Amino acid sequence: MNREYENYQRYIKGDRSVELYSATKQQADRFLARLRKTGGSIDPEKEYPLLLRRGVYKAETKLTPYWIKIPVYGVKGGINIPIGVSEPIPDGAGMKQAELIRRDGVFYVYMVVEKEVGERGAQNVIAVDLGIRHTATVLGTRDMHPKFYGKEVRCIRAHFFRLRRTLQKKGAYGAVKKIGSHEKRAVNNYLHVYAKRIVEEAFRTNSVIVVGRLKGIRMRGGGKGRVFQRRLSSFPFYRFVEYLKHKAAWLGVKVIEVSEAWASQTCHNCGCKGFRFGGYFYCSGCGHEYNADYNGVCNILKRGIGQDLSQGLLRPDTAHHEPGRMRTVQSSNEPGTANPPGWRGCQPELDLLDSAFNIIAITSGVTIYDAVYIALAQQTGDKLLTRDRKQKKAADRLKIKAELF
Ligand SMILES: [Zn+2]
């Protein structure tokens, strides 16, 4: 394997005389052709990964269930090598290509696995707001309790910042450069952990994840303060969203991005403009003050709900309710219609969403779907006819006429 790997490196770097398995040679040629097209060049110091098409397979052996077949020049059928995996490959996942790379004398295999995932119909929405103080603030319509992620990242950043400053004062610039990658790895590690927790919550609560679109996020905070600027420019928002999307796709959880412009400057309660100071948001309209990240995530959740309704993403939970439940609201113009006005196709009425949002905030355990029906009944003044006890209870609490049938 060492010989084949080294010959591959030499071939890529221009030595055409090496003995190499023919398909591997072709692969190297393809790689070089792609490189020429994009104007890239070969770094003589670097080792390039050997690509293995469908090289990894599973076998019932005592040693390890995972093996890799590496075609080698002059060896018929190639060689089979047992491999250890960092995490078990899920059932039903197909092994795609693999890359073989050597680092400090140890061989590693990077595998691409592929799985068919059905998209889940969502009942709830989980909003994710990205920020400096809290890497991610999360608010779900299921329980309406905000969760704040980011303490660990904050600690890592502070630690490395102090370390860098000390090293700089001593003139140890080489060391300063080196610790950068340590910091990145430590932060990345937690970004993965946060993303995993959020996606798992979404999966458990059958939610779609709504995340503020990253465009313009660097504008946030108005560029005030050196400390703020430093943290903002070095925060890897982009990577975090990529992890989130990737983990969500794996579980069939949908992620939608909504505009986050003004999410941090608008009051989620009254919609007026306000200002941020420290970790707080002060509203000029209703005079309230809120945790700034909480206010931001509320706005994203509101926007997410709006987007959901117009896309028709939220569906009733058919496992728990009778199909007849679709016709629980008597609308004044079209009795028995399945879709309330603005449900699909056209832009939902914002005040309907606002009321639905408030209903969720006041009552616990109602889904967005329930809340919209209750809000609609409230607006039209019609009686809410429902087969769902939870919906009835929520309506009762809000003094909206409701009847179980
Ligand atoms: Zn306000």
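1. The protein contains ten helices and 16 strands, where helices (H or I, at least four residues) and strands (E, at least two) are DSSP runs numbered from the N terminus. This is a predicted model, in which local features need pLDDT of at least 70 and side-chain atom pairs count only at pLDDT 80 or more, while totals for chains, interfaces and linings use all residues. Residue numbers start from 1 along each chain as its sequence is written.

2. Of the 405 residues in the protein, 31% are buried; a residue is called buried if 20 or more other C-beta atoms lie within 10 Å of its own, exposed if 12 or fewer, and partly exposed in between, with C-beta atoms placed from the backbone. Among contacts between residues at least 6 apart in sequence, 57% join residues at least 24 apart, a contact being two residues whose C-beta atoms, placed from the backbone, lie within 7 Å.

3. Helix α1 (residues 2–12) packs with helix α2 (residues 22–38) at an angle of about 35 degrees, and their axes are 10 Å apart. Axes here are lines fitted to C-alpha atoms, for helices over the stretch in contact, and angles run from 0 to 180 degrees between N-to-C directions. Tyr8, Tyr11 and Ile12 of α1 meet Thr24, Lys25, Ala28, Phe31 and Leu32 of α2. By class, this contact of α1 with α2 has six nonpolar, one polar and one charged residues, with Ala, Val, Leu, Ile, Met, Phe, Trp, Tyr, Cys and Pro counted as nonpolar, Asp, Glu, Lys and Arg as charged, and the others, Gly among them, as polar.

4. Helix α4 (residues 173–204) and helix α6 (residues 237–251) have axes that come within 9 Å and cross at roughly 40 degrees. This makes α4 oblique to α6, since angles under 35 degrees count as roughly parallel, over 145 as roughly antiparallel, 65 to 115 as roughly perpendicular and the rest as oblique. The crossing of α4 and α6 is also right-handed. On the α4 side the contact is made by Leu191, His192, Ala195, Lys196, Ile198, Val199, Ala202 and Phe203, and on the α6 side by Arg239, Phe240, Tyr243, Leu244, Lys247, Ala248 and Leu251. The residues of this contact of α4 with α6 comprise eleven nonpolar, one polar and three charged.

5. Three strands make up an open sheet in the order β2-β3-β4, with antiparallel pairing, where two strands pair if DSSP finds at least two bridges between them. The edge strands, each pairing on one side only, are β2 (56–58) and β4 (75–82). Neighbouring strands of this sheet are turned against each other by 35 degrees on average, direction ignored. Strand β3 (residues 66–72) pairs with β4 in the antiparallel sense over five bridges, and the bridge partner of Trp67 in β4 is Pro82.

6. A further open sheet of three strands has the order β12-β13-β14, and its pairing is antiparallel. Because β12 and β14 (289–291) stand at the edges with a single partner strand each, one side of each is left without a neighbour in the sheet. The twist from one strand to the next averages 25 degrees. Strand β12 (residues 274–277) and strand β13 (residues 280–283) pair over four bridges, and they form a hairpin with two residues between them, in whose turn Gly278 has a positive phi of about 60 degrees. In β13, Phe281 is the bridge partner of Arg276, and Tyr282 is the bridge partner of Phe275.

7. Leaving aside neighbours within four places in sequence, Asn295 is in contact with Cys267, His268, Phe281 and Tyr290. Asn295 and Tyr280 lie 15 residues apart in sequence and 8.8 Å apart in space, C-alpha to C-alpha.

8. Asp143 lies in the loop between β8 (136–140) and β9 (147–149), and counts as partly exposed because it has 14 C-beta neighbours inside 10 Å. Asp143 and Thr205 are 62 residues apart in sequence, with a C-alpha to C-alpha separation of 9.7 Å.

How values were computed
A crossing is left-handed if the near helix is turned anticlockwise from the far one by less than a right angle, and right-handed if clockwise.
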